[in-house]
Amino acid sequence: MDYAATGEQALARIAAATDLDSLEKLRVEFLGKQGSISGLLKTLGAMSPDERQTTGPKIHALRESVTEALTARKAGLEQAALDARLAAENIDLSLPAPEAPRGSIHPVSQVLDELAEIFADMGFAVATGPEIEDDWHNFTALNIPESHPARAMHDTFYFPDKDAEGRAMLLRTHTSPVQIRSMLRDGAPIRIIAPGRVYRSDSDATHTPMFHQVEGLVIDKGIHLGHLKWTLETFLKAFFERDDIVLRLRPSYFPFTEPSVEVDVGFAIQNGKRVLGGSGDAPGHGWMELLGSGMVNRKVIAAGGLDPDEWQGFAFGIGVDRIAMLKYGMDDLRAFFDGDVRWLQHYGFSPLDVPTLSAGVGAAA
Amino acid sequence: MKFSLSWLKDHLDTTASAEEIAATLNAIGLEVEGVENPAEKLAGFRIAKVLTAERHPNADKLQVLSVDTGDGQPLQVVCGAPNARAGLMGVLGLPGAVVPAGGFELKKSAIRGVESNGMMCSSRELDLGDDHAGIIELPADAPVGMAFADYQGADPVFDVAITPNRPDCMGVYGIARDLAAAGLGTLKPIAVQSVNGSFDCPTEIRTDDPEGCPAFYGRVIRGVSNGASPEWMQARLKSAGQRPISALVDITNYVMLSFGRPAHAYDLAQLTGAIFARRAQDGEHVLALNGKEYALDAGMTVIADEAGVHDIAGIMGGEHSGCSETTTDVLLEVAYFDPVRIGDTGRKLNLTSDARQRFERGVDPAFLDKGLDLLTQLILEICGGEVSRVVRAGTPPSGAKVVPYHPSLALQLGGVAIADEAQKATLAALGFGMDARWNVIVPSWRPDVDGAADIVEEVVRIHGIDNVESVPLPRTDGVARPTATPSQKLERRLRRAAAARGLNEAVTWSFLPEAEAEAFAEGNGGLWVLANPISEDMKAMRPSLLPGLLAASRRNLDRGASGLRLFELGRRYLRGDKGHSDERLTLGAVLAGEKTPRGWASGKAQVFDAYDAKAEALALLAEAGAPVDNLQVMAEAGAQFHPGQSATLRLGPKTVLARFGMLHPAILKAFDIDVPVAAVELFLDAIPAKRGAPTFARAAYATPPLQAVTRDFAFLVDAALPAGDLVRTVRGADKANVVAARLFDDFRGQGVPDGQKSLAIEVTLQPGEKSYDEAELKAIAEKITAAAAKLGAVLRG
């Protein structure tokens, strides 16, 4: 028998197989139990040793070459089938992916978190108080008696209600009543900031009837104006992340402080916006009013239940919305309270922008 | 408070420039709001002589002038003024100059085809007067080419904000005194002669209200002529922003603005009998000089005669007895009024005036005679006449105060060491007296100074408060300690959790239109409603965060938004005890309109439903540390919600931690919103605080050695049975083995009897040491089926 010819014939048929099914049929035809090559192998048993010696290797070689050819052809056909499938599974990845909504943190909240972080490092806790206040806490205890012209400086929203002690109820005009509440509740020494909503009957391009203020209060022994200046400088440098913040202190008047100090900060105009830094007297610079402050008036310390001969300290108040605008570049206060999603998405912050001292409290644009 | 440099120099001998003066005013606490320098406004305008004037070739009313500007080469200028003629000396605005009246910049241009190199100006164009009939005509000897500002002698005007504690600086003289103390010159003495008077005052003057008017000084001047005040006085008054009226009125205003001393001049002919201070009677009326009628009450002090009220004391005179052109005899009133009374009266009448501002802050009680002398002297000079003797009814308060002080306080409180001698010199320059032991005598014009801290302020502000050196606050050792309270930590965490879930944080007004607040007020004892809201839209304090968010949603929808996720974390304002407020930290969220827009993969847009609100509520409560697995879903979310698509989440039957669901169509209609809105409100104050000190180590945990197995159960139940009840029952049926139960199908229809539904639950079983065998699994299944049966649930075959 011409094993070589049988082999060539088999290999040719294997090579001609075009799919896995026909290849499998060939495998059965050649190598299955009843297969032609399997049949040849079975003839070996009936052969003489000599004959087996010469014929055996030929049959084995035949079987091996066919097996190999089948395997190779199978792999080739499988690869082709996979290629065809993948080609059919092509998709357009320029189509949009599923959208996940993107949330945002309001700039006021972000800035309040920044303030809490900075002041915590200086040992200040955050204190709060009611926004619906009585006139004793909002005015009288802060050395603004009924007849004081300074009451007229605060355009106060009143309620028709009186509390159980007959005090007129109103919307707090500043965060300063928290000074009184903290002193009465916690005694001294005190280091707090008190952020929150405040209200004045005022509405124009730069004023809204509701806005945010943060109060600072330090009551201790031996506290003086120099400590106030350091605290404000340190805070502003940390908040604006600039070492060139320059403050200008001017004497002023607030009933609850004595001496009272208005604090200006130097700025320059860059790309049409005010950028803090540098002395206001430097070329191309100016001063802008930033906050009011002073040494807490003795009468206020006494109203807080503390002995003004023993304790003294300073207080300051600053507009939160305003420093948010200065830092992050918004120019319309009214937009803060509109809830316009486009504005919130643009000026709001990622929830992951948690202010930390090690990374800098600010969230870069 | 506005005044010109020349006015200041009446009282201050100084060579300082306007810039130096402004800088010093700022440094010593007299805040300069502006310095208006007329020279700046007039930059680019110069004196020019018209050489020739020819008819304009193309316009009847225009002329073509040749003008000498002093530069040698005459300029051609087109001019429409009828008085323009050769030889006229006028004011030319050159190209580049900005016309003060119109604010426009002059440019070289062609007017009807003829080139014009500037504009000859009228008084009105330069903001110098109302004359616009023709161009300005200057004297023939005016120097050609000179800057017009220099020719005019432009006088800078300071606008200074005076804080309410400084009534002494509501006069130019007081400002001069502060500047002198700061080393900017020498304070000039007040030049005034006392005039004794040649006859007794013919009008009786008295004070019948010594509380409201402790002192009323007065005198009569006969035979005055009340024409226009002199030009210098008019210029001063104009620089202060006042309109000159007549000599007598201008003189009282001038003395007020110069010395902070208000006074009033009555036309004696309009008075009947005695003139006196008294309390007004309830229901009395007076027509004031501003032309308005005021209703008075018995709490107000007035100046009256026997016929009626002539003056709201210390605030505004009456129309009836005011001085006019025909006034010949005048009665001068220089009084001291109680500051508190003046303030009360002014507030009640809602009437403010220059006099009120000074009296309510406290005028110098020792300046009545000097004020009267100043007025007398000016009236005699300007209006002529004959002076009576002075009548002094009552006595002004002495105002004398002594404050114990020690110079070391400058350092202790002010943080700046100032030599004793320097402190003494400053105080003396400000008019303070002092004994050897530093008992400081406060001048009568400083009602604001009554303690050592005030003296520190005086010394430090004149020394220069900006010279105070920074001193670090003492710092505790080591890393800063945490300061946030649990509530603050909760607030911060929740805010960021909500934003991380895709919600946008809004900050909305605390006040609402009353109707919107009313719609959300429920069982809290009434709204807080403002007595004096700024508008009806901002009247009632919000009892819920939802209305503000709904209003914001409407605005966004009106701007074209199709889907919104908004939240706010803030207070809602309820009634507390003792008449106080009860302000509760609350998180509100609204999910409005489209949850997902139409998409190539997802098909049509999906709108939010109540389950979206539930998901937010549960996720945020979990972040807040609430025991969400133990919460019950119960009804009664409130009338603002869809009754069938809303619920509360409660811890126990009473404590409501949150409400959520679809809002009621009536609410949406009221807010003019036409898309479905799901809402959540989380009551953060109701979330129980973690007990005990915080620990950092978590509870011990070992991963189970064997894999969990799942089994599905389908039950037929009454259609009204809340699925959550069944799930909770199944989960609790065998606590040793069942670790989770998850509902995955709620089916009604074919194969399910009417009035029933089929609920399918996937139960997760966690084997312990060894795998379950068939018998064990069967026993667990029986427990589950038995527990479910108590709810009427039947295992589906």
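Mentor: Let me start with G260(B), which follows α7(B) and has a positive phi, near 70 degrees. Keep in mind that this is a predicted model.

Trainee: What makes α7(B) mostly covered?
Mentor: A residue is buried if 20 or more other C-beta atoms lie within 10 Å of its own. In α7(B), 13 of the 13 residues are buried, and the helix is therefore called mostly covered.

Trainee: How do you know that the reach of helix α7 of chain B is close to what is expected?
Mentor: The helix runs over residues 247–259, 13 residues in total. From first C-alpha to last it reaches 18 Å, and the expectation at 1.5 Å a residue is 18 Å.

Trainee: How do you know that the span of helix α1 of chain A agrees with its number of residues?
Mentor: At 1.5 Å a residue, its 14 residues, 3–16, should span 20 Å. The C-alpha atoms at its ends are 20 Å apart, so the two values agree.

Trainee: Which residues of α1(A) are buried?
Mentor: They are G7(A), A10(A) and I14(A). These three lie on the same side of α1(A), because they cover an arc of only 70 degrees around the axis. In general, an α-helix has 3.6 residues a turn, so residues three or four places apart point the same way.

Trainee: What covers the buried residues of α1(A), and what does the face turned away carry?
Mentor: The cover includes α2 (20–31) and α4 (49–88) of chain A. On the face turned away from the buried side of α1(A) are the exposed residues A4(A), A5(A), Q9(A), A12(A), A15(A) and A16(A).

Trainee: Why is L115(A) called buried?
Mentor: L115(A) has 24 other C-beta atoms within 10 Å. The cut-off is 20 or more, so L115(A) counts as buried.

Trainee: Where is L115(A) found, and with what is it in contact?
Mentor: It sits in helix α5 (residues 107–121) of chain A. Neighbours within four places in sequence aside, L115(A) is in contact with I193(A), P195(A) and V214(A). L115(A) and I193(A) are 78 residues apart in sequence, yet their C-alpha atoms are 8.6 Å apart in space.

Trainee: What makes up the contact of chain A and chain B?
Mentor: It takes 71 residues from chain A and 76 residues from chain B. Helix α9 (residues 225–240) of chain A gives the largest share of the chain A side, 7 residues. By class, that side has 38 nonpolar, 17 polar and 16 charged residues.

Trainee: How many residues are in contact where domain 1 of chain B meets domain 3 of chain B?
Mentor: There, 13 residues of domain 1 of chain B are in contact with 15 residues of domain 3 of chain B. On the domain 1 side, the elements giving two or more residues are β1 (2–4) and α5 (172–181) of chain B. The residues of that side divide into 8 nonpolar, 3 polar and 2 charged.

Technical notes. Residues are numbered from 1 along each chain as its sequence is written. Chains are lettered from A and ligands numbered from 1 in the order in which they are written. This is a predicted model: local features need pLDDT of at least 70, side-chain atom pairs count only at pLDDT 80 or more; totals for chains, interfaces and linings use all residues. Helices (H or I, at least four residues) and strands (E, at least two) are DSSP runs, numbered from the N terminus. The expected span of a helix is 1.5 Å times one less than its number of residues. A residue is buried if 20 or more other C-beta atoms lie within 10 Å of its own, exposed if 12 or fewer, and partly exposed in between; C-beta atoms are placed from the backbone. The arc is that of the directions from the helix axis to the C-beta atoms. Two residues are in contact if their C-beta atoms, placed from the backbone, lie within 7 Å. Ala, Val, Leu, Ile, Met, Phe, Trp, Tyr, Cys and Pro count as nonpolar, Asp, Glu, Lys and Arg as charged, and the others, Gly among them, as polar.
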